[in-house]
Amino acid sequence: GHRKQSRDAADLAWLASRGVRVARYNLAQEPAAFVANPQVKRLLDQWGQSCLPLILREETVAARGRYPTRRELAHLAGVSLEDGS
């Protein structure tokens, strides 16, 4: 629901505030960003939209089909949860 999307957006904004470069794309609004990445395109071809959300860390799939928790995002990005959990 809307509350969960707000939490996910807040978690990504929190990561950015910790100096992590975050890029977020919306399939409906930015389809070219999805097909431009061969790995993402392959997953979409194989799984359809059920693979979304798709979280990449550099070129590695870190999460598929769900948003990680803030704790998981912090671990993936190598930042501390201190002052932001």
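1. Glu 58 lies in the loop between strand 1 and strand 2 (60–64); helices (H or I, at least four residues) and strands (E, at least two) are DSSP runs counted from the N terminus. Its phi is positive, about 55°, although Glu 58 is not a glycine. Glu 58 is also exposed, with a relative accessible area of 66%. On that scale, buried is under 20%, exposed over 50% and partly exposed in between, using a 1.4 Å probe and protein chains only.

2. A word on ground rules. This is a predicted model, so local features need pLDDT of at least 70 and side-chain atom pairs count only at pLDDT 80 or more, while totals for chains, interfaces and linings use all residues. Residues are numbered from 1 along each chain as its sequence is written, and side-chain values use heavy atoms, with hydrogens and water left out.

3. Strand 1 and strand 2 run antiparallel, joined by four bridges; pairing requires at least two DSSP bridges between two strands. Two residues sit between the strands, and Glu 58 takes its positive phi in this hairpin. Leu 54 has Arg 64 in strand 2 as its bridge partner.

4. Follow Arg 64 and you get to a ring. The charged end of Arg 64 sits over the ring of Trp 47, 4.6 Å from its centre; the test is NZ of Lys or CZ of Arg within 6 Å of the ring centre and within 35 degrees of the ring normal. Trp 47 belongs to helix 3 (residues 38–47) and counts as partly exposed, at 41% relative accessibility.

5. Leu 43 and Arg 64 are 21 residues apart in sequence, and their C-alpha atoms are 9.4 Å apart.

6. Check the loop between helix 3 and strand 1 (54–57), where Pro 53 is found. The peptide bond from Leu 52 to Pro 53 is cis, with omega near -5°.

7. The largest pocket has a volume of about 1200 Å³. A pocket here is an open set of points on a 1 Å grid over the protein atoms alone, with protein on both sides within 12 Å along at least five of seven lines; a cavity is a set where a 1.4 Å probe fits but cannot get out, and lining residues have an atom within 4 Å of a point. Points are joined across faces, edges and corners, and a volume is the space filled by probe spheres set on them.

8. What lines that pocket? There are 29 residues, with Ala 23, Arg 24, Leu 54, Ile 55 and Leu 56 nearest the centre. Strand 1 gives the most, four residues. By class the lining has 21 nonpolar, three polar and five charged residues, where Ala, Val, Leu, Ile, Met, Phe, Trp, Tyr, Cys and Pro are nonpolar, Asp, Glu, Lys and Arg charged, and the others, Gly among them, polar.

9. There is one cavity of 30 Å³ or more, and the largest cavity holds about 30 Å³ of space. Asp 8, Asp 11, Leu 12, Ile 55, Tyr 67, Pro 68 and Leu 73 line it. Helix 1 supplies the largest share, three residues. Five of the lining residues are nonpolar, none polar and two charged.
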